[in-house]
Amino acid sequence: QVQLVESGGGLVQAGESLRLSCAASGSIFRVNAMGWYRQAPGKQRELVASITRGGNTNYADSVKGRFTISRDNAKNTVYLQMNSLKPDDTAVYYCNADVITYDLLRAASYWGQGTQVTVSS
């Protein structure tokens, strides 16, 4: 089994920054792509940013230039640096990872429990 544990959410004012972290643990052979999604009240969950094991990144247009995703493969951890936060960034942020475990030896998608980010105006 694999667990994804997120941290770093909170309440900030517009223009401030937050850094989210997500660590994967368990019977992990290899972690492939990792990403961050968010879901605001009444809206569908959307991709914020993703990163391949090799470091290739992809961002939603709404966060380009403000958010940066990175990862530490040795720690099976992904980060999301969020700068110049806006009230529209308010949402629950979820970590996602494609993980190959020792028992399955094939990739499966796992989700964290979510962390709340609230940006006040």
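Begin by selecting Asp89, which is buried because its relative accessible area is 1%. Buried means under 20% relative accessible area, exposed means over 50%, and partly exposed lies in between (1.4 Å probe, protein chains only). The model is a predicted one, in which local features need pLDDT of at least 70 and side-chain atom pairs count only at pLDDT 80 or more, while totals for chains, interfaces and linings use all residues. Residues are numbered from 1 along each chain as its sequence is written, and side-chain values use heavy atoms, with hydrogens and water left out.

**Stop 1**

A salt bridge here is a side-chain nitrogen of Lys or Arg within 4 Å of a carboxyl oxygen of Asp or Glu. Helices (H or I, at least four residues) and strands (E, at least two) are DSSP runs, numbered from the N terminus.

Is Arg38 buried or exposed? Arg38 counts as buried, because its relative accessibility is 6%.

**Stop 2: Glu46 and the other salt bridges**

Glu46 forms a salt bridge with Arg38, and the closest N and O atoms are 2.8 Å apart. Glu46 has 36% relative accessibility, so it counts as partly exposed.

How many salt bridges does a search of the whole structure find? The search finds four. Another pair to select is Asp61 and Lys64, which form a salt bridge with the closest N and O atoms 3.1 Å apart. Asp61 counts as exposed because its relative accessibility is 65%. Lys64 also counts as exposed, because its relative accessibility is 51%. Elsewhere, salt bridges that share partners join Arg38, Glu46, Arg66 and Asp89 into one network.

**Stop 3: Arg71**

Select Arg71, which is in strand 7 (residues 67-72). Arg71 is buried yet has no salt bridge, and the nearest side chain of opposite charge, Asp72, is 8.0 Å away. For charge, Lys and Arg count as positive and Asp and Glu as negative, while His and the chain ends are not counted.

Which backbone oxygen lies 2.7 Å from a polar atom of the Arg71 side chain? That oxygen belongs to Asn32. The backbone oxygen of Thr52 lies 3.2 Å from a polar atom of the Arg71 side chain. To see the surroundings, show the residues in contact with Arg71, leaving aside neighbours within four places in sequence; among them are Val31, Met34, Ile51, Arg53, Thr77 and Tyr79. Contact means heavy atoms within 4.5 Å.

**Stop 4: Asn76**

Asn76 is buried because its relative accessible area is 18%. Asn76 has a positive phi of about 50°, although it is not a glycine. Leaving aside neighbours within four places in sequence, Asn76 is in contact with Cys22, Ala23, Ala24, Ile28, Val31 and Met34.

**Stop 5: Val92**

Select Val92, found in strand 9. Val92 is partly exposed, because its relative accessible area is 21%. Not counting residues up to four places away in sequence, Val92 touches Tyr37, Arg38, Gln39, Gly114, Thr115 and Gln116. Next, draw a C-alpha to C-alpha distance from Val92 to Arg106. The two residues are 14 apart in sequence and 29 Å apart in space.

**Stop 6**

Where is Leu105? Leu105 lies in the loop between strand 9 (91-101) and strand 10 (107-111). Its phi is near 55°, a positive value in a residue other than glycine. Leu105 counts as exposed because its relative accessibility is 58%.

Finish by showing the surface of Phe29, Tyr102 and Leu105. These residues make a nonpolar surface patch of about 360 Å². Patches are made of residues with over 30% relative accessible area and no salt bridge, with like charges joined within 9 Å and nonpolar side chains (Val, Leu, Ile, Met, Phe, Trp, Tyr) within 5 Å. Accessible areas come from the Shrake-Rupley method with a 1.4 Å probe, and for residues only the protein chains shown count as cover.

Key
Polar contact = N/O pair within 3.5 Å; in protein donor to acceptor, adjacent residues only side chain to side chain.
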